[in-house]
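Here is a friendly tour of one protein model, with its pocket and a few of its residues as the stops. Take a look at the sequence and the structure before reading on.

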Amino acid sequence: MLQTRISTPADIPRQRELWQLAFGDGGAYVDNFYQTYYKPERMLMLEEDGVVQVMTAWFDTTFAVPGRGKYRAAYLYAVATHPEARGRGLAGRLLSDADGFFRSWGIPAVTTKPAEPSLHQFFGRNGFRECFVHGQNFFHWEKADRNPGAAKSLEQLSPGEYTALRESWLAETPHIVIPEEMMGYQAGACALTPGGGLYALAAPRGRAALCAEGMENGKLLVKELLCAPEDRDWVLECLPSLLPHWCMTYRVPEGAQPFAMLKWLDQEVEAAWDWSSTAYLGLAFD
């Protein structure tokens, strides 16, 4: 017998087990999720004969589309199936059942960032389509200003401050609005690596926003850089000195690299949606 339900605190040990088996994450990274964002109703569990075999967390976000409106959007995260239960369609069943929960809660859209490129096909079979893009680039060290001067420094931001600065840069771009509580989870993930954080940098045409998070090799990825396009080279030239552990890779909203997917649960909105258009998700936990 299959049943999808909202989680309870008693499910946490099983959730942690599935998370570790599916993604290899453990310890402080998973602790951060439970300390900053977890609530039982933010996890859905699929049981098979009373045993939890699949789970997903979800973030309560907003899809802002200038000229059209704002739509509440559930961002699926950590969709995990026990290895012994894979290949039997259980994850697809959970996604289908999750749609029913979201419709009942008045949520018209669902987004997700597949953990691997191959999973875009899996989510595609379950109603998702490509929508969110970005640009991932590499900065070459020889261009760096190795003596940025005392006037250039990174300003550490709180989750609320970063959220506000982020929205000021993305106001004219179709994008996922990251709520402050979710940004708190991001801040905790950033803090796990020395030098990581949510930052602002006083650039010539306004305060740039950047999020630096650690990678498995201990280096920092600038997983979001928001600034005036005319300031980007200036900002990048400062970063090697300001972020000594930076891996030189950075992401920006401008680009055409497929990143995350969208499913509309509202048939009227879906019928009117232009699937040739793109949007920006940005701070996915990938």
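This is a predicted model: local features need pLDDT of at least 70, side-chain atom pairs count only at pLDDT 80 or more; totals for chains, interfaces and linings use all residues.

Residues are numbered from 1 along each chain as its sequence is written, and side-chain values use heavy atoms, with hydrogens and water left out.

**The largest pocket**

- Rolling a probe the size of a water molecule over the atoms shows where empty space is left.
- A pocket here is an open set of points, on a 1 Å grid over the protein atoms alone, where a 1.4 Å probe fits and protein lies on both sides within 12 Å along at least five of seven lines.
- The largest pocket has a volume of about 1500 Å³, a volume being the space filled by probe spheres set on the points, which are joined across faces, edges and corners.
- Its lining (residues with an atom within 4 Å of a point) is made of 50 residues, and F23, D25, A115, F285 and D286 lie nearest the centre of the pocket.
- Helices (H or I, at least four residues) and strands (E, at least two) are DSSP runs, numbered from the N terminus.
- Several of them, including α1 (12-23), α3 (90-104) and β12 (246-264), each supply at least two residues of the lining.
- Which element gives the most to this lining? That is β4, with 7 residues.
- By class, the lining has 26 nonpolar residues, 13 polar and 11 charged. Here Ala, Val, Leu, Ile, Met, Phe, Trp, Tyr, Cys and Pro count as nonpolar, Asp, Glu, Lys and Arg as charged, and the others, Gly among them, as polar.

- Helix α1 has 12 residues and spans 16 Å from its first C-alpha to its last, close to the 16 Å expected at 1.5 Å a residue. The expected span is 1.5 Å times one less than the number of residues.
- R14, Q15, L18 and W19 are the buried residues of α1, where buried means under 20% relative accessible area, exposed over 50% and partly exposed in between, with a 1.4 Å probe and protein chains only.
- Among what covers them are α2 (28-36), β2 (43-48) and β3 (51-65).
- After α1 comes G24, with a positive phi near 80°.
- In α2, the buried residues are Y29, V30, N32, F33 and Y34, and they pack against α1, β2, β3, β4, α6 and β10.

**Residues to find**

- Q15 is buried, with a relative accessible area of 0%. Leaving aside neighbours within four places in sequence, Q15 is in contact (heavy atoms within 4.5 Å) with S7, Y34, Y38, M43, M45 and M55.
- Q15 and V54 are 39 residues apart in sequence, yet 8.8 Å apart in space, C-alpha to C-alpha.
- K113 sits in the loop between β5 (109-112) and α4. Is K113 buried or exposed? K113 is buried, at 18% relative accessible area.
- D49, in the loop between β2 and β3, is exposed at 57% relative accessibility, and its phi is positive, near 50°, although D49 is not a glycine.
- A78, in strand β4, also has a positive phi, about 55°, without being a glycine; A78 is buried, at 10%.
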